[in-house]
Amino acid sequence: MNSVLDLTPVKDLPKPIAWLSDMDGVLIHENHALPGAEDFLRKLKEKDYPFLVLTNNSIFTSRDLSARLANSGLQIPEENIWTSAQACASFLKQQSPSSTAFAIGEAGLTTALHEAGYVLTESDPEYVVIGETRTYSFEAITKACRLIAAGAKFIATNPDVSGPSAQGLIPATGSVASMIQAATGRKPYFIGKPNPVMIRAGLNKLGAHSESTAFVGDRMDTDVQAGIEAGLRTYLVLSGSTTADEVYTYPYRPFEVYNSIADMVDMV
């Protein structure tokens, strides 16, 4: 199927043989599989293409997410899921192996840090790491501020300032990180999209190369930006957060734009 927008390709690229895909807005919406998602994943598996499903959500472990996706009808093994928490832990393991951190987050973050060989502590940690959580504690935020003021390095899993819930909008990691930055004067380093660090770590996990990998996302300001900066052929689908009119307001553009992942099944 043809792209829904007339965007001249930046350059000719070889056919992708590895794929990265955002999760929410591309494959699922409110815990329901989007049309075409199951067929798209089936084609990847049939052709034995390496692939990862990415999410900036750091609350859940990859095993948790695999089970949640299975409930929506999508069979994605945990080894094919890559979260901002895992990317964060991978980054810290590379930067400072077997070190210490004070973490604000849930199982997705703390499990990833433990698996990376980190010790979680409130006593003179090298890093303060902020992730997503359903219940931010003012006491924990205060502790984070004091540790950062005392010299701890400030890391956050993702820059998203808000997220959806059944009751409406809720503040997310970016909002809490901004509060801590305002109190300490220290700016956090965000690991999740749009930082291409998360994408490149995912490529390393797959053993894939950027020139032969494609990325599908639903947001211009995170997915498309991250994909472009990582050197991937980056596609946008309009089944999530971005409308066709909004594409032209950004100084960069996706390789092609489609209504949904269903329109991309035959491209695999």
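Analyst: **A close look at one glutamine and its surroundings**

Let's start with glutamine 86, which counts as buried at 19% relative accessibility (buried is under 20% relative accessible area, exposed over 50% and partly exposed in between, with a 1.4 Å probe and protein chains only). Before going on, keep in mind that this is a predicted model, where local features need pLDDT of at least 70 and side-chain atom pairs count only at pLDDT 80 or more, while totals for chains, interfaces and linings use all residues. Residues are numbered from 1 along each chain as its sequence is written, and side-chain values use heavy atoms, leaving out hydrogens and water.

Glutamine 86 sits in helix H3 (helices, H or I, are DSSP runs of at least four residues, strands, E, are runs of at least two, and both are numbered from the N terminus). Not counting residues up to four places away in sequence, glutamine 86 touches Ser62, Ile81 and Ala112 (contact means heavy atoms within 4.5 Å).

Two packed helices are described by the angle between their axes and the distance between the axes. Here, the axes of H3 (residues 84-95) and H4 (residues 107-115) come within 8 Å and cross at roughly 30°; axes are lines fitted to C-alpha atoms, for helices over the stretch in contact, and angles run from 0 to 180 degrees between N-to-C directions. H3 and H4 are therefore roughly parallel to each other (under 35 degrees is roughly parallel, over 145 roughly antiparallel, 65 to 115 roughly perpendicular and the rest oblique). Their crossing is right-handed, a term used if the near helix is turned clockwise from the far one by less than a right angle, with left-handed for anticlockwise.

Which residues of H3 and H4 make the contact? On H3 they are Ala85, Gln86, Ala89 and Leu92, and on H4 they are Gly108, Leu109, Ala112 and Leu113. By class, this contact has six nonpolar, two polar and no charged residues (Ala, Val, Leu, Ile, Met, Phe, Trp, Tyr, Cys and Pro count as nonpolar, Asp, Glu, Lys and Arg as charged, and the others, Gly among them, as polar).

H3 has another residue to look at. Phenylalanine 91 also belongs to H3 and is buried, with a relative accessible area of 13%. Leaving aside its neighbours within four places in sequence, phenylalanine 91 is in contact with Ile155, Tyr189, Ile191 and Val197. Phenylalanine 91 and alanine 201 are 110 residues apart in sequence, but 8.0 Å apart in space, C-alpha to C-alpha.

Now follow the chain past H4. Glycine 117 lies in the loop between H4 and strand E7 (119-120). With a relative accessible area of 36%, glycine 117 is partly exposed. Leaving aside neighbours within four places in sequence, glycine 117 is in contact with Ser98 and Ser99.

Beyond E7, the loop between E7 and strand E8 (127-130) holds aspartate 124. Most residues other than glycine have a negative phi, and most peptide bonds are trans. Aspartate 124 has a positive phi, near 50°, and is exposed, with a relative accessible area of 69%.

To sum up the helix pair, H3 and H4 cross at roughly 30°, and Gln86 is one of the residues that make their contact.
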